[in-house]
Amino acid sequence: MKPFGNAGLRAQLAMRGQEQPRRLYQGSQNISLLRGTIVLTREGERSAENLKAGASLITRTQGMAQVDAIRTRRAMLQAVCISAGSLGDIRADSDLTVPWNQRILVRDWRAKAMFGQPQAVVPAYELVDGEFIRDLGLQMMDLTILEFSRPHVIYAGGLELAAAAALQEDLRPAA
């Protein structure tokens with residue numbers, strides 16, 4: 001398995017005639033889950049589409065955290081498939097598909113080898129190796145988008161997925 005990350009993905013896309021993956025919605029600061037992804041909540045395992053605003057999710061960062069808002073979106077996005085067990089023995093019971101820019105907490109040899117850290121939060125496309133973590137190209141995805149008021153790492157689909165705090169809408173560009 002040879003991780004090739006962002007540079008390799010760009011090269012693959014250039015061969016296909018695409019410039020680079022495109023974000024077709026502004027959900028990148030949140031956690032975007034494909035329909036059917038199992039999330040750990042205070043009440044147990046729930047599928048992403050059954051979550052409601054105010055739901056308490058189990059997080060690595062805070063114990064429990066409430067979801068501020070939930071949106072659903074159908075969008076054509078660059079997708080990455082993570083094979084079951086490819087991110088460690090206790091990770092992902094089944095294959096998981098995520099948007100290419102979904103941030104994942106990596107706490108195994110990859111974090112040290114690729115980023116020089118014992119753990120790293122990286123977009124899914126940085127982990128693509130072409131065998132166990134694959135670029136699926138553009139896919140129509142039914143997403144549940146979880147929004148938080150501060151950064152969190154949640155447990156979903158057997159992985160640790162990261163979200164940054166929501167963008168401040170009242171920021172003005174510098175003159």
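L138 is found in strand β10, where strands (E, at least two residues) and helices (H or I, at least four residues) are DSSP runs numbered from the N terminus. The model is a predicted one, in which local features need pLDDT of at least 70 and side-chain atom pairs count only at pLDDT 80 or more, whereas totals for chains, interfaces and linings use all residues. Residues are numbered from 1 along each chain as its sequence is written, and side-chain values use heavy atoms, with hydrogens and water left out.

The secondary structure of the protein chain comes to 2 helices and 12 strands, and from the N terminus on these elements follow the order α-β-β-β-β-β-β-β-β-α-β-β-β-β. Of the 175 residues in the protein chain, 45% are buried, a term that means under 20% relative accessible area, while exposed means over 50% and partly exposed lies in between (1.4 Å probe, protein chains only). The protein chain exposes about 9,300 Å², of which carbon and sulfur atoms supply 49%; such areas come from the Shrake-Rupley method with a 1.4 Å probe, and for residues only the protein chains shown count as cover. Among the contacts (heavy atoms within 4.5 Å) with a separation of 6 or more, 61% join residues 24 or more positions apart.

With a relative accessibility of 30%, L138 counts as partly exposed. Together with M76 and M140, L138 makes a nonpolar surface patch of about 230 Å². Patches are made of residues with over 30% relative accessible area and no salt bridge, like charges being joined within 9 Å and nonpolar side chains (Val, Leu, Ile, Met, Phe, Trp, Tyr) within 5 Å; a salt bridge is a side-chain nitrogen of Lys or Arg within 4 Å of a carboxyl oxygen of Asp or Glu.

Strand β10 also holds D135, which is buried at a relative accessible area of 13%. The side chain of D135 is joined to that of Q78 by a polar contact of 2.7 Å, and a polar atom of the D135 side chain lies 2.8 Å from the backbone nitrogen of G137. A polar contact is a pair of N or O atoms within 3.5 Å; within protein, one must be able to donate a hydrogen and the other to accept it, and residues adjacent in sequence count only if both atoms are side-chain atoms.

S83, in the loop between β6 (69–82) and β7, is likewise buried, with a relative accessible area of 12%. The side chain of S83 makes a polar contact of 2.9 Å with the side chain of R134 and reaches the backbone oxygen of F132, also at 2.9 Å. When residues up to four places away in sequence are not counted, S83 touches D95, E131, F132 and R134.

The structure holds 1 aromatic pair. The pair is formed by W100 and Y125 and is tilted, with 4.6 Å from centre to centre and 35° between the planes; rings of Phe, Tyr and Trp (its six-membered ring) pair if their centres lie within 6.5 Å, and planes under 30 degrees apart count as stacked, over 60 as edge-to-face and the rest as tilted. W100 lies in the loop between β7 (96–99) and β8 (103–106) and Y125 in the loop between β9 (120–123) and β10 (133–147), so the pair ties together parts that are 25 residues apart in sequence. W100 is buried at 11% relative accessibility, as is Y125 at 13%.
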